[in-house]
Amino acid sequence: MKVALIPYITAGDPDLPTTAEALKVLDCCGSDIIELGLPYSDPLADGPVIQAAATCSLARGTNFDAVISMLREVLPQLSCPVSLFSYYNPILKGGIGKFMTIIKDAGVQGLVVPDVPLEETGILRMESSKNNIELGGLRLGDWYSHQRQCPSLDSATRHQTGATSKLVAVGFGISKLEHVKQVAEWGADGVIVDSAMVKLLGEAKSPEEGLKELETFAKSLKAALI
(Lines give C-alpha, C1' and ligand atoms only; values in the text may rest on other atoms or scores of the structure.)
Protein backbone atom coordinates (compact mmCIF):
# COMPACT_ATOMS: atom_id res chain seq x y z
CA MET A 1 0.00 0.00 0.00
CA LYS A 2 1.30 3.43 -0.89
CA VAL A 3 1.75 5.78 2.06
CA ALA A 4 1.38 9.45 1.16
CA LEU A 5 4.10 11.95 1.98
CA ILE A 6 2.49 15.17 3.21
CA PRO A 7 5.00 17.92 4.02
CA TYR A 8 3.91 21.12 5.77
CA ILE A 9 5.47 24.59 5.49
CA THR A 10 4.42 28.00 6.78
CA ALA A 11 3.57 30.64 4.17
CA GLY A 12 5.94 33.60 4.33
CA ASP A 13 8.72 32.04 6.40
CA PRO A 14 11.37 33.09 5.67
CA ASP A 15 9.53 35.02 2.91
CA LEU A 16 6.88 34.40 0.24
CA PRO A 17 9.31 34.03 -2.71
CA THR A 18 11.04 31.24 -0.77
CA THR A 19 7.67 29.67 0.02
CA ALA A 20 6.90 29.64 -3.69
CA GLU A 21 10.17 27.90 -4.46
CA ALA A 22 9.69 25.47 -1.56
CA LEU A 23 6.32 24.40 -2.97
CA LYS A 24 8.01 23.63 -6.30
CA VAL A 25 10.83 21.72 -4.59
CA LEU A 26 8.44 19.61 -2.51
CA ASP A 27 6.36 18.86 -5.60
CA CYS A 28 9.45 17.73 -7.54
CA CYS A 29 10.49 15.50 -4.65
CA GLY A 30 7.33 13.43 -5.00
CA SER A 31 5.08 14.88 -2.32
CA ASP A 32 1.54 13.53 -2.57
CA ILE A 33 -0.09 16.54 -0.88
CA ILE A 34 1.49 19.73 0.45
CA GLU A 35 0.04 21.48 3.47
CA LEU A 36 0.59 25.23 3.54
CA GLY A 37 0.00 26.98 6.84
CA LEU A 38 -1.54 30.44 6.83
CA PRO A 39 0.28 32.45 9.53
CA TYR A 40 -1.96 33.39 12.45
CA SER A 41 -1.28 35.50 15.52
CA ASP A 42 -2.61 32.95 18.01
CA PRO A 43 -1.70 29.49 16.68
CA LEU A 44 -2.63 27.43 19.73
CA ALA A 45 -2.76 24.10 17.90
CA ASP A 46 0.85 24.43 16.76
CA GLY A 47 4.12 23.67 18.49
CA PRO A 48 6.87 26.22 19.19
CA VAL A 49 8.63 25.84 15.82
CA ILE A 50 5.53 26.59 13.76
CA GLN A 51 4.40 29.29 16.19
CA ALA A 52 7.77 31.02 15.73
CA ALA A 53 7.51 30.67 11.94
CA ALA A 54 4.05 32.25 11.97
CA THR A 55 5.31 35.13 14.12
CA CYS A 56 8.24 35.77 11.77
CA SER A 57 5.99 35.58 8.72
CA LEU A 58 3.48 38.07 10.13
CA ALA A 59 6.31 40.39 11.19
CA ARG A 60 7.44 40.49 7.56
CA GLY A 61 3.98 41.60 6.50
CA THR A 62 2.60 38.33 5.15
CA ASN A 63 -1.18 38.44 4.77
CA PHE A 64 -3.91 36.34 3.19
CA ASP A 65 -4.08 38.38 -0.03
CA ALA A 66 -0.33 38.08 -0.57
CA VAL A 67 -0.42 34.31 -0.01
CA ILE A 68 -3.30 33.89 -2.46
CA SER A 69 -1.51 36.02 -5.06
CA MET A 70 1.55 33.78 -4.74
CA LEU A 71 -0.55 30.61 -4.99
CA ARG A 72 -2.28 31.80 -8.17
CA GLU A 73 1.14 31.95 -9.83
CA VAL A 74 2.64 28.78 -8.38
CA LEU A 75 -0.15 26.20 -8.19
CA PRO A 76 -0.59 25.82 -11.97
CA GLN A 77 3.06 24.69 -12.05
CA LEU A 78 2.56 21.89 -9.51
CA SER A 79 1.46 18.32 -10.09
CA CYS A 80 0.40 17.58 -6.50
CA PRO A 81 -2.53 19.19 -4.65
CA VAL A 82 -2.03 21.88 -2.01
CA SER A 83 -4.14 22.03 1.13
CA LEU A 84 -4.31 25.12 3.35
CA PHE A 85 -4.00 24.89 7.13
CA SER A 86 -5.95 27.81 8.61
CA TYR A 87 -7.41 28.75 11.94
CA TYR A 88 -11.13 29.44 12.01
CA ASN A 89 -11.20 33.15 12.94
CA PRO A 90 -9.59 34.40 9.71
CA ILE A 91 -12.07 32.31 7.70
CA LEU A 92 -15.03 33.57 9.70
CA LYS A 93 -13.87 37.18 9.58
CA GLY A 94 -14.00 37.43 5.79
CA GLY A 95 -16.99 35.13 5.41
CA ILE A 96 -16.82 31.36 4.97
CA GLY A 97 -18.32 31.34 1.47
CA LYS A 98 -16.03 34.11 0.26
CA PHE A 99 -12.97 32.39 1.73
CA MET A 100 -13.81 29.12 -0.01
CA THR A 101 -14.39 30.84 -3.35
CA ILE A 102 -11.07 32.68 -3.13
CA ILE A 103 -8.98 29.62 -2.31
CA LYS A 104 -10.78 27.55 -4.95
CA ASP A 105 -10.06 30.18 -7.61
CA ALA A 106 -6.40 30.17 -6.54
CA GLY A 107 -6.23 26.41 -7.18
CA VAL A 108 -6.25 25.15 -3.58
CA GLN A 109 -7.82 21.71 -3.26
CA GLY A 110 -7.96 21.08 0.48
CA LEU A 111 -8.40 22.76 3.85
CA VAL A 112 -7.62 21.85 7.46
CA VAL A 113 -9.15 23.97 10.25
CA PRO A 114 -7.85 22.71 13.62
CA ASP A 115 -9.98 24.88 15.91
CA VAL A 116 -13.39 24.95 14.25
CA PRO A 117 -16.14 24.55 16.90
CA LEU A 118 -18.17 21.37 16.54
CA GLU A 119 -21.38 23.33 15.97
CA GLU A 120 -19.75 25.21 13.07
CA THR A 121 -18.50 22.18 11.15
CA GLY A 122 -21.76 21.80 9.21
CA ILE A 123 -21.59 25.17 7.49
CA LEU A 124 -17.85 24.77 6.88
CA ARG A 125 -18.37 21.36 5.31
CA MET A 126 -21.26 22.61 3.19
CA GLU A 127 -19.29 25.57 1.80
CA SER A 128 -16.18 23.47 1.18
CA SER A 129 -18.22 20.84 -0.66
CA LYS A 130 -19.89 23.53 -2.75
CA ASN A 131 -16.44 24.68 -3.89
CA ASN A 132 -14.92 21.19 -4.30
CA ILE A 133 -12.53 21.80 -1.40
CA GLU A 134 -11.62 18.65 0.54
CA LEU A 135 -12.10 19.39 4.24
CA GLY A 136 -9.66 17.44 6.37
CA GLY A 137 -9.73 16.68 10.09
CA LEU A 138 -7.07 17.01 12.74
CA ARG A 139 -3.92 14.98 12.38
CA LEU A 140 -3.70 11.88 14.53
CA GLY A 141 -1.24 11.98 17.39
CA ASP A 142 2.11 13.44 18.34
CA TRP A 143 4.31 10.40 18.03
CA TYR A 144 7.80 11.83 18.18
CA SER A 145 7.26 14.32 20.99
CA HIS A 146 5.25 11.92 23.16
CA GLN A 147 6.29 8.46 22.06
CA ARG A 148 7.12 7.37 25.61
CA GLN A 149 3.92 8.80 27.07
CA CYS A 150 1.68 7.57 24.24
CA PRO A 151 2.60 3.97 23.39
CA SER A 152 -1.00 3.38 22.29
CA LEU A 153 -0.72 5.53 19.14
CA ASP A 154 0.16 2.40 17.19
CA SER A 155 -3.17 0.78 18.11
CA ALA A 156 -5.02 4.10 17.70
CA THR A 157 -3.74 4.40 14.14
CA ARG A 158 -4.68 0.83 13.31
CA HIS A 159 -8.14 1.37 14.83
CA GLN A 160 -8.76 4.58 12.89
CA THR A 161 -7.71 3.11 9.56
CA GLY A 162 -10.03 0.17 10.14
CA ALA A 163 -12.97 2.19 11.43
CA THR A 164 -13.29 4.85 8.75
CA SER A 165 -13.41 5.13 4.99
CA LYS A 166 -11.52 8.42 5.30
CA LEU A 167 -7.77 8.51 4.77
CA VAL A 168 -5.84 8.61 8.04
CA ALA A 169 -2.62 10.64 8.17
CA VAL A 170 -0.37 10.74 11.22
CA GLY A 171 1.49 13.92 12.05
CA PHE A 172 2.94 16.32 14.62
CA GLY A 173 6.57 15.88 15.56
CA ILE A 174 7.57 13.36 12.89
CA SER A 175 11.08 14.40 11.96
CA LYS A 176 13.22 11.34 11.19
CA LEU A 177 13.28 8.50 8.70
CA GLU A 178 12.58 5.95 11.42
CA HIS A 179 9.44 7.85 12.45
CA VAL A 180 8.16 7.80 8.88
CA LYS A 181 8.89 4.08 8.48
CA GLN A 182 7.21 3.27 11.81
CA VAL A 183 4.03 5.16 10.94
CA ALA A 184 3.91 3.41 7.57
CA GLU A 185 4.17 0.04 9.35
CA TRP A 186 1.19 0.99 11.52
CA GLY A 187 -0.94 1.15 8.40
CA ALA A 188 -1.45 4.92 8.15
CA ASP A 189 -2.49 6.26 4.76
CA GLY A 190 -0.22 9.27 5.06
CA VAL A 191 2.61 10.82 7.04
CA ILE A 192 2.61 14.56 7.77
CA VAL A 193 6.00 16.14 8.38
CA ASP A 194 5.64 19.68 9.65
CA SER A 195 8.03 21.20 12.23
CA ALA A 196 11.08 19.52 10.73
CA MET A 197 10.33 21.06 7.32
CA VAL A 198 9.55 24.47 8.80
CA LYS A 199 12.75 24.40 10.86
CA LEU A 200 14.92 23.69 7.81
CA LEU A 201 13.61 26.75 5.99
CA GLY A 202 13.42 29.07 8.98
CA GLU A 203 16.84 28.35 10.48
CA ALA A 204 18.91 28.07 7.30
CA LYS A 205 21.76 30.54 6.77
CA SER A 206 20.11 31.61 3.52
CA PRO A 207 16.91 30.82 1.60
CA GLU A 208 18.98 28.99 -1.02
CA GLU A 209 20.60 26.76 1.59
CA GLY A 210 17.22 26.11 3.19
CA LEU A 211 15.74 25.01 -0.12
CA LYS A 212 18.65 22.63 -0.76
CA GLU A 213 18.28 21.08 2.70
CA LEU A 214 14.53 20.82 2.18
CA GLU A 215 15.04 18.97 -1.09
CA THR A 216 17.51 16.50 0.43
CA PHE A 217 15.22 15.82 3.40
CA ALA A 218 12.06 15.42 1.32
CA LYS A 219 13.76 13.02 -1.10
CA SER A 220 14.99 10.86 1.79
CA LEU A 221 11.49 10.70 3.29
CA LYS A 222 9.93 9.81 -0.04
CA ALA A 223 12.49 7.04 -0.57
CA ALA A 224 11.62 5.60 2.86
CA LEU A 225 7.97 5.30 1.84
CA ILE A 226 8.51 3.57 -1.47
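## A parallel sheet, its cores and its cavities

Seven strands form an open sheet in the order 5-4-3-2-1-7-6, and the pairing is parallel. Strand 5 (134-136) and strand 6 are at the edges with a single partner strand each, so one side of each has no neighbour in the sheet. This is a predicted model, in which local features need pLDDT of at least 70 and side-chain atom pairs count only at pLDDT 80 or more, while totals for chains, interfaces and linings use all residues. Residues are numbered from 1 along each chain as its sequence is written, and side-chain values use heavy atoms, with hydrogens and water left out. Helices (H or I, at least four residues) and strands (E, at least two) are DSSP runs, numbered from the N terminus, and two strands pair if DSSP finds at least two bridges between them.

| Strand pair | Bridges | Direction |
|---|---|---|
| strand 1 (residues 4-10) and strand 7 | four | parallel |
| strand 6 (residues 169-170) and strand 7 | two | parallel |
| strand 2 (residues 34-37) and strand 3 | four | parallel |

In strand 7 (residues 190-193), Gly 190 and Ile 192 point one way while Val 191 and Val 193 point the other way, and all are buried; buried means under 20% relative accessible area, exposed over 50%, and partly exposed in between, with a 1.4 Å probe and protein chains only. Val 193 of strand 7 is the bridge partner of Pro 7, whereas Val 191 of strand 7 stands opposite Val 170. Elsewhere in the sheet, Gly 37 stands opposite Phe 85 in strand 3.

Ser 83 lies in strand 3 (residues 82-85) and is buried, with a relative accessible area of 9%. A polar atom of the Ser 83 side chain lies 3.3 Å from the backbone oxygen of Gly 110; a polar contact is a pair of N or O atoms within 3.5 Å, where within protein one must be able to donate a hydrogen and the other to accept it, and residues adjacent in sequence count only if both atoms are side-chain atoms. Contact in the wider sense means heavy atoms within 4.5 Å, and, leaving aside neighbours within four places in sequence, Ser 83 is in contact with residues including Ile 34, Leu 36, Gly 110 and Val 112.

The side chain of Ser 31 reaches the backbone oxygen of Leu 26 at 2.7 Å, and, not counting residues up to four places away in sequence, Ser 31 touches Leu 5, Pro 7, Leu 26 and Cys 80.

A nonpolar core is a set of buried Ala, Val, Leu, Ile, Met, Phe, Trp, Tyr and Cys residues joined through side-chain atoms within 4.5 Å. The largest such core has 54 residues, and those with the most contacts inside it are Leu 36, Leu 71, Leu 84, Leu 111, Val 193 and Met 197. A second, separate core of eight residues includes Ile 50, Tyr 87, Val 112 and Val 198.

Cavities and pockets are found on a 1 Å grid over the protein atoms alone: a cavity is a set of points where a 1.4 Å probe fits but cannot get out, a pocket is an open set with protein on both sides within 12 Å along at least five of seven lines, and lining residues have an atom within 4 Å of a point. Grid points are joined across faces, edges and corners, and a volume is the space filled by probe spheres set on the points. A search of the whole structure finds one cavity of 30 Å³ or more; the largest cavity has a volume of about 50 Å³, and among the residues that line it are Tyr 8, Gly 37, Ile 50, Phe 85 and Tyr 87. The second largest pocket has a volume of about 370 Å³ and is lined by 17 residues, of which Leu 38, Phe 64, Pro 90, Ile 91 and Phe 99 lie nearest its centre. Helix 4 gives the largest share of the lining of this second largest pocket, four residues.

Two backbone features remain. Most residues other than glycine have a negative phi, and most peptide bonds are trans. The peptide bond from Asp 13 to Pro 14 is cis, with omega near 5°, and Pro 14 lies in the loop between strand 1 and helix 1. Asn 132, which is not a glycine, has a positive phi near 55°; Asn 132 is exposed, with a relative accessible area of 63%.
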